[in-house]
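Subject: Structure handover and notes

Hello,

Here is the structure for you to look over. My notes on it follow below.

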Amino acid sequence: MVKSIRDTTILNNGVHMPWFGLGVYKAKAGKEVENAVHHAIELGYRSIDTAALYENEASVGQAVRSSGLKREEIFLTTKVWNTDQGFENTLRAFETSRKKLNVDYVDLYLIHWPGRDKFKDTWRALEKLYREKYIRAIGVSNFDVHHLQTLAEDAEFTPAVNQVEYHPRLTQKAVHQYCKEQKIQLEAWGPLMRGRILDHPLLVELAAKYGKTPAQIVLRWDLDTEVVTIPKSVHRDRLEENANVFDFTLSQADIERIRDLNQDERTGFDPNEFLF
């Protein structure tokens, strides 16, 4: 059971990754994202998830450096974007991200989307960087089961993480099961469905039952289903609310009731259709 914001899952290569972190998608570079990271760190967050696409890596790096914490106390994730896929392109893209973050290494580097036909070459680049210790753990994002199976045909290393859209309307049952079998940690992006699910009667009911907010019910559900979660916010009060999920757990019956809300409904792209 996850009892603290500092609790970690142990990835398949032995690296410890926090169960709970901050996502900074669409957080504006500069003061907005820097303040969000500072607030999060003050509240106990130790995992920050960014990406080349977000165009805020430099600001995230600045916020981490000015936090007063040692580099090894923060778990930093970033991702290679589709237009930079391929072996040599990925090596260059990683170095660009590393320099923007102004760090010697990245804790987790992900292939942002499987795309059309380059993710195997991209993965070879991640494996090279992992062997050279520029990355502590390598993984993927938005990979379906068949993408993971295709990757496994030639991969030296199994992905440590698969970060996917995951929320009560999209429970990714097949992906979740496959990842468990292969010891790939599932991680949720968009865990609150961009706010669209928070007025659902079941979540409102459970919020009253547990003395929490609907958002806290969903985030606790992530943790209780063994999914790493990285809710995004730039507001201190919301960051604090999101992190106040470690003093309760959901009953198994309530976990299943939330899981039964699944409708395979996405707020983002379908990885089988997002092909470029």
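Two rings of Phe, Tyr or Trp (taken by its six-membered ring) are called a pair if their centres lie within 6.5 Å; planes under 30 degrees apart count as stacked, over 60 as edge-to-face and the rest as tilted. By that rule the structure, which is a predicted model, holds 15 aromatic pairs.

One of them joins tryptophan 81 and phenylalanine 274: the ring centres are 6.2 Å apart and the planes stand at 55°, so the pair is tilted. Tryptophan 81 belongs to the loop between strand 5 (75–80) and helix 3 (87–101), and phenylalanine 274 to the segment after helix 10 (252–259), so this pair ties together parts 193 residues apart in sequence. With burial set at under 20% relative accessible area, tryptophan 81 is buried at 14% and phenylalanine 274 is buried at 12%. Both residues also belong to an aromatic cluster formed by Trp81, Trp113, Phe269, Phe274 and Phe276.

A second pair is made by tyrosine 210 and phenylalanine 248. Its centres are 5.7 Å apart and its planes are at 50°, so it is tilted. This pair also links distant parts of the chain, with tyrosine 210 in helix 7 (residues 201–210) and phenylalanine 248 in the loop between helix 9 (236–243) and helix 10, 38 residues apart. Phenylalanine 248 is buried, with a relative accessible area of 10%, whereas tyrosine 210 is partly exposed at 21%.

Another ring has a charge over it: the charged end of arginine 71 sits over the ring of tyrosine 105, 4.2 Å from the ring centre.

On helix packing, the axes of helix 7 and helix 10 come within 11 Å and cross at roughly 160°. Angles over 145 degrees count as roughly antiparallel, and helix 7 and helix 10 are therefore roughly antiparallel to each other. Their crossing is left-handed. Helix 7 contributes Leu202, Leu203, Glu205, Leu206, Lys209 and Tyr210 to the contact, and helix 10 contributes Asp254, Arg257 and Ile258.

Last, threonine 9. This residue is found in strand 1 (residues 8–10) and is buried, with a relative accessible area of 7%. Leaving aside residues up to four places away in sequence, threonine 9 touches Val15, His16, Met17, Trp19, Gln185 and Val228. The C-alpha atoms of threonine 9 and glutamate 226 are separated by 8.8 Å, although the two residues are 217 residues apart along the chain.

Regards

Definitions and conventions: Residues numbered from 1 in each chain as written. Predicted model: local features only at pLDDT ≥ 70, side-chain atom pairs only at ≥ 80, totals over all residues. Heavy atoms only, no water. Helix = DSSP H or I, 4+ residues; strand = E, 2+ residues; numbered from the N terminus. Buried < 20%, exposed > 50% of the residue type's maximum accessible area, 1.4 Å probe, protein only. Lys NZ or Arg CZ within 6 Å of the ring centre and 35° of its normal. Axes fitted to C-alpha atoms, helices over the stretch in contact; angles between N-to-C directions. Parallel < 35°, antiparallel > 145°, perpendicular 65-115°, else oblique. Left-handed = near helix turned anticlockwise from the far one by under 90°. Contact = heavy atoms within 4.5 Å.
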